[in-house]
Amino acid sequence: MTASIPRLPLRDELFLLGHDDDTGHPHVHRQTLALGLAGAVLIDLYLAGRVTLDPNDNTRPANHQRIHPHIDRPVGDLIADAATATIRHTHPPLRGWLRRFSDDLYDRTRAGLVAGGILRHHTRRRLGGLIRADTYLATDTKWAVIARSRLRYLAAGHEQPDNHTAALAGLVADLSLTSHLYLDDDTTLTSRLKAIAAQHYQPVCDITAAVDAAIGDLATAAYR
């Protein structure tokens, strides 16, 4: 049913799932979502064979894993190419890279979706025009619906997980977005999605775990 529709980059799907379809309001804090977006960018680069990670073994703590370039040529995607450029010469530590690259990634991802015609900018004024409210709504809800459907079919065992959807499952679970997949009575959905994600490439699991840890660091800092 969805085979003929081009698949969006992982970060774009995560961005759409991270917002309410009707209002455009984010379901989680923007900085939290940005960390997930950074993880999604890196996972897409890994799945495309463009980066590698240090092995996660007993000789090197997971926090010290570094990212290495593997294929170093532009792909024509501004965000992916910017990510590759930051990795090219520095071989940065995973969690540090996620934090730095996420700085303005929310705005850049949204701008890319607007430029691609997937989001549209709306401006409303309230209180006699004194307050301006900017919202960004999908021009077609099919993109979020398709992504949600793949995750729901995956969780129900109706589809075999491909690498892209398994990675999306892990990120959605870590960002606490499972309640927005519209399976309200399913209290085990988060754990099932995490279990599905854990069955795939170890570097993808490592990136997802680093996103989760970075989100935890963010929450800790907020309470200090």
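**A guided tour of the predicted chain**

Among contacts in the protein chain (heavy atoms within 4.5 Å) between residues at least 6 apart in sequence, 61% join residues at least 24 apart. The model is predicted: local features need pLDDT of at least 70 and side-chain atom pairs count only at pLDDT 80 or more, whereas totals for chains, interfaces and linings use all residues. Residues are numbered from 1 along each chain as its sequence is written, and side-chain values use heavy atoms, with hydrogens and water left out.

**The whole chain**

Along the sequence, their pattern reads α-α-β-β-α-α-α-β-β-α-α-α-α. Of the 224 residues in the protein chain, 42% are buried. Buried means under 20% relative accessible area, exposed over 50%, and partly exposed in between, with a 1.4 Å probe and protein chains only.

**The largest nonpolar core**

Next, select Leu14 and Trp97. Of the 59 residues in the largest nonpolar core, these two touch the most other members. Helix 2 supplies the largest share of this core, 11 residues. A nonpolar core is a set of buried Ala, Val, Leu, Ile, Met, Phe, Trp, Tyr and Cys residues joined through side-chain atoms within 4.5 Å.

Keep Trp97 selected and show its surroundings. Neighbours within four places in sequence aside, Trp97 is in contact with Ala38, Leu42, Ile67, Ala83, Thr86, Ile87 and Pro92.

**Helix 2 against helix 4**

Select helix 2 (30-47) and helix 4 (residues 94-101). Their axes come within 8 Å and cross at roughly 120 degrees; axes are lines fitted to C-alpha atoms, for helices over the stretch in contact, and angles run from 0 to 180 degrees between N-to-C directions. Which residues of helix 2 and helix 4 meet? Leu35, Ala38, Gly39, Val41 and Leu42 in helix 2 meet Leu94, Trp97, Leu98, Arg99 and Phe101 in helix 4. The residues of this contact divide into 8 nonpolar, 1 polar and 1 charged. Here Ala, Val, Leu, Ile, Met, Phe, Trp, Tyr, Cys and Pro count as nonpolar, Asp, Glu, Lys and Arg as charged, and the others, Gly among them, as polar.

**Arg50**

Move to Arg50, in the loop between helix 2 and strand 1 (51-53). Is Arg50 buried or exposed? Arg50 counts as buried because its relative accessible area is 14%. Not counting residues up to four places away in sequence, Arg50 touches Leu45, His68, Pro69, His70, Ile71, Arg73 and Val75. A polar atom of the Arg50 side chain lies 3.0 Å from the backbone oxygen of Arg73. The C-alpha atoms of Arg50 and Val75 are separated by 9.9 Å, with the two residues 25 apart along the chain.

**Thr208**

Select Thr208 in helix 9 (residues 202-222). Thr208 is buried because its relative accessible area is 9%. Its side chain reaches the backbone oxygen of Val204 at 2.9 Å. Leaving aside neighbours within four places in sequence, Thr208 is in contact with Ile43, Gly170, Leu171 and Asp174.

**Two loop residues with positive phi**

Finally, select His91, in the loop between helix 3 (78-88) and helix 4. Phi of His91 is near 45 degrees, a positive value in a residue other than glycine. At 30% relative accessibility, His91 is partly exposed. Then select Ser176, in the loop between helix 7 (163-174) and helix 8 (189-198). Although Ser176 is not a glycine, its phi is positive, about 60 degrees.

Methods:
Helices (H or I, at least four residues) and strands (E, at least two) are DSSP runs, numbered from the N terminus. A polar contact is a pair of N or O atoms within 3.5 Å; within protein, one must be able to donate a hydrogen and the other to accept it, and residues adjacent in sequence count only if both atoms are side-chain atoms.
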